[in-house]
Structures are given as structure tokens and as C-alpha cells.
Amino acid sequence: MDKTWKLDSFNTFLSSLVRIASATAFSGSSDFQQCLLLSFLASSSAQICRSQRFPDNRQYDNCNDLPTLNCFLHWTYDQAAGTLDVALRHTGTTDSTWLTWGLNPSGPRMQGTHALAAFVNSSGVAQAYTTSIDTMSPTMQSSALSFEVLILSARFENQEMMIFDVLRISESWSSTSQVWQKGQANNGRLGIHSLSGANLQSAGSVNFLTGQSGGSSGSSRTRRRNVHGVLNTMSWGILMPLGAITARYMKVFKSADPTWFYLHVACQTSAYAVGVAGWVTGIRLGSDSPGITHNPHRNIGIALFCLDTLQVFALLLRPNNDHKYRMYWNIYHHSVGYTVIICIIINIFEGFDILKPDDHWERIYIGILIFLGIVATSLEVFTWYVVLKRKKKGSDKHSHNINGANGVRGQEV
């Protein structure tokens with residue numbers, strides 16, 4: 001068969017796989033985002049805040065369940081007077097946790113937030129104060145805000161922290177961005193909050209006129225983080241090891257040639273295409289989160305992308321089986337491939353530590369790895385048995401031929 005025709009056919013096959021897998025990856029992420037959005041909307045329809053009651057018979061016209069950190073926002077806005085009566089409620093907390101809520105006209109982020117903070121001081125009394133967050137590493141010291149705070153107090157009881165305040169705001173603040181946060185406090189000192197999970201999703205929009213509030217920006221970021229995790233786990237974390245298992249064990253059987261090769265290529269190129277979609281999502285997440293870095297996860301991810309790209313293009317330079325450089329290509333391909341798989345698994349668990357999903361998702365992935373490990377071990381034993389048996393048969397046949405030839409010579413003599 002003409003080698004040029006074989007190479008052209010393979011290139012066409014590879015390109016088709018990349019296009020199909022890429023389309024599948026991006027359409028899949030869209031469907032996944034829609035599912036998550038529907039789930040978010042469904043969960044937000046049953047407002048817990050409507051059943052909550054406050055001490056001193058405090059009443060508010062509007063309320064919303066904030067999407068993270070077990071926080072609930074209640075408010076009454078008097079547009080004519082320009083006053084905003086607000087209560088923020090954080091449930092399931094302790095007296096060693098601080099709480100903040102604030103408004104940020106520049107967007108749903110920490111820097112630039114005009115905040116109200118509360119904590120339980122060394123005397124065991126809930127204390128509230130105002131603080132302006134001007135940097136990515138705020139001191140959280142008491143400072144004035146750009147709007148007037150008429151009333152400010154805090155209350156801690158029944159494992160709940162509540163901040164009560166009345167603000168005088170201009171109409172331009174009636175629709176803006178809000179930020180809420182919590183962290184650990186020790187003897188009146190406010191420690192840094194967690195830099196992962198729900199603490200990075202505690203921002204969104206609020207409209208005091210229409211009564212709409214929530215974490216639209218945060219939930220969008222959450223969806224992209226989930227899409228990033230799902231795409232990379234399914235592609236590089238499952239498909240790529242499956243492709244390696246296919247190549248290592250199917251090629252032992254002569255009847256599987258060249259089927260094993262095309263299955264291997266299909267798995268690896270599909271994993272690469274979907275993984276690139278997940279990788280791009282991760283890069284976008286990083287650019288949308290200034291000041292927040294996960295260096296090990298990011299650095300391993302960039303290295304994996306480069307190595308995976310080399311692996312895909314190495315297929316185009318694959319020498320024939322009888323080529324003098326084929327042995328060196330095999331050494332490169334196998335060593336890089338196994339290194340990539342090990343780093344992928346490490347980086348996926350780094351991602352679990354960042355996302356902090358429900359424990360059962362991590363257990364499911366561990367179960368998949370155990371299953372693949374058992375399959376690979378079983379096939380390793382079986383293929384070694386096949387190879388050794390084949391060698392023994394070849395050795396016996398060779399010995400029989402030699403003995404037969406000697407016998408003929410003996411008769412002739």
C-alpha cells in the first residue's frame with residue numbers, strides 16, 4: 001500500500017476526530033451549563049428567608065437566599081427618603097466566625113467594597129463596624145464609607161450571626177453589586193477567609209427597587225468552574241488512561257491489529273480535544289479572578305497541555321515499525337504518555353481541593369481509578385501469559401525443526 005496514501009488517510013482521520021470531539025466538548029459544556037443553571041433557578045425558587053423571624057419583631061419588605069455561605073439578605077428600601085434598612089443573617093455559624101456584607105458599585109468583587117462587618121469580641125458580645133476594602137489584602141480596620149450609616153448593630157444567638165443596619169444611599173446605589181464573606185476571628189482579630197470553594201463565589205447583584213438579589217456573577221463562575229472540572233476529569237482523567245490501556249494490551253493480540261491503533265487514537269484525540277475545552281475554561285477563570293492563584297494546579301495544567309499537544313503531533317511523525325528510529329520514538333511516546341497520566345491524576349485531585357465539591361464526587365473518581373487499575377492489572381497478567389505461551393510455542397517449534405533436520409541427516413548418512 002502506498003505510504004503517502006496511508007499518511008493522508010491517517011491525517012484525515014485525525015483531523016475529523018479532533019473536529020468531532022471539539023464540537024462535542026463545547027456543545028456538552030453548554031448543555032451542562034444549562035442544566036446547572038436550571039438547577040440553580042429551581043433551588044432558588046423556594047426562599048428559606050421568607051420563613052425566618054427576627055428578634056424585636058423586625059419586619060422587612062424583601063428577602064433573598066444568597067447562593068453561598070448560608071447567608072440570607074432582608075431589606076426595606078424607602079426610595080423617597082433614600083434609606084435602606086438591611087439585615088444579613090448567617091446561619092449555622094460559631095462565635096469565632098466573622099461576617100461581612102457590603103456594596104460595590106464597581107462590580108461583584110472584594111476590592112472596592114463598602115462593607116459592614118461583625119464579630120463576637122473578647123467579652124462575648126457581637127460587635128459591628130464599617131470598613132472600606134480598598135486592596136486585595138485588606139486590614140479590615142474600621143473606616144468610613146462613602147454613604148451614611150444611620151444605625152448599625154450585630155447580634156449572635158442560636159448559632160446565627162445577624163447584622164442590622166440602616167443606610168442612607170443615593171438612587172444610583174439602588175441597583176448595584178453586593179459582596180458577602182465570612183472567616184475566622186480570634187480575640188477580636190479578623191483572620192483571612194478561605195480562598196477556595198464557596199468563599200470565592202460570594203458576590204452578585206442586588207436591586208433594592210425590584211426586590212431581586214442573588215449571586216448571578218458567582219453562580220456563573222461556579223458553573224464555569226464545574227464545567228472546567230467535569231470536562232478535564234472526563235477527558236484527561238478517564239478517556240486518556242483508557243486509551244493507554246487499549247494500546248498497551250490490545251496490540252498483543254494479532255487479530256486486533258490495526259483496530260487497537262485506531263481505538264487508541266480515537267480515545268487520545270477525543271480526550272485532547274475535550275481537555276483543551278476544559279483547559280481554555282480554566283484559563284478564562286484565572287483571567288476573571290485577579291489576585292486569586294492556585295499555582296500548583298495552574299502550573300501542572302499548563303505543563304500537561306504542552307505535553308499532550310506534543311503527544312498528539314507526535315502521531316503525525318510516527319515512524320514505520322521497521323524504521324531505525326522507531327525504538328527511540330516508542331521510548332519517547334511511552335515515557336511522556338505515562339508521565340502525563342500520572343500528572344493528570346495528581347492535578348485532578350488538586351482541582352478537587354480547590355472546588356471542594358461533595359465528597360461523593362471525589363469518591364466516584366477514586367472508584368473509577370480503582371476499576372481502571374484492576375482492569376490494567378488483570379490485563380497485564382493475562383497478556384504476559386499470552387506472550388510467554390507464544391514464546392514457548394515458538395521455542396518448541398524451533399527445537400522440533402532442528403531435531404527433525406538432524407534425523408533426516410542421520411538417515412542419509
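**View 1. The loop between E7 and E8 holds Asn 158.** Asn 158 sits between strand E7 (148-157) and strand E8 (160-168). Helices (H or I, at least four residues) and strands (E, at least two) are DSSP runs, numbered from the N terminus. The model is predicted: local features need pLDDT of at least 70, side-chain atom pairs count only at pLDDT 80 or more, and totals for chains, interfaces and linings use all residues. Residues are numbered from 1 along each chain as its sequence is written, and side-chain values use heavy atoms, with hydrogens and water left out. Most residues other than glycine have a negative phi, and most peptide bonds are trans. Asn 158 has a positive phi, near 55°. Gln 159 lies in the loop between E7 and E8 and has a positive phi of about 60°, although it is not a glycine. Is Asn 158 buried or exposed? Its relative accessibility is 69%, so Asn 158 counts as exposed. Gln 159, at 43%, counts as partly exposed. Buried means under 20% relative accessible area, exposed over 50%, and partly exposed in between (1.4 Å probe, protein chains only).

**View 2. A cis peptide bond joins Asp 257 to Pro 258.** Its omega is near 5°. Pro 258 belongs to the loop between helix H2 (216-250) and H3.

**View 3. Helix H3 packs against helix H4.** H3 spans residues 259-287 and H4 spans residues 295-314. Their angle is about 155°, and their axes are 11 Å apart. Axes are lines fitted to C-alpha atoms, for helices over the stretch in contact; angles run from 0 to 180 degrees between N-to-C directions. H3 and H4 are therefore roughly antiparallel. Angles under 35 degrees count as roughly parallel, over 145 as roughly antiparallel, 65 to 115 as roughly perpendicular and the rest as oblique. Which residues of H3 make the contact? They are Tyr 272, Val 276 and Trp 279. H4 supplies Gly 301, Ile 302, Phe 305, Asp 308, Thr 309 and Val 312. Contact means heavy atoms within 4.5 Å.

**View 4. H4 also packs against helix H5 (residues 326-355).** The angle here is about 150°, with axes 9 Å apart. H4 and H5 are therefore roughly antiparallel to each other.

**View 5. Aromatic rings pair up in this structure.** There are 15 aromatic pairs. Rings of Phe, Tyr and Trp (its six-membered ring) pair if their centres lie within 6.5 Å; planes under 30 degrees apart count as stacked, over 60 as edge-to-face and the rest as tilted. The rings of Tyr 77 and Phe 208 have centres 6.4 Å apart and planes at 50°, so this pair is tilted. Tyr 77 is in strand E2 (residues 71-78). Phe 208 is in the loop between strand E11 (203-207) and strand E12 (212-213), 131 residues apart from Tyr 77. Both residues are buried. The rings of Trp 279 and Phe 305 have centres 3.9 Å apart and planes at 5°, so this pair is stacked. Trp 279 is in H3 and Phe 305 in H4, 26 residues apart.

**View 6. His 114 is found in strand E5 (residues 113-120).** Its relative accessibility is 14%, so His 114 counts as buried. Not counting residues up to four places away in sequence, His 114 touches several residues, including Trp 101, Leu 103, Phe 147 and Trp 173.
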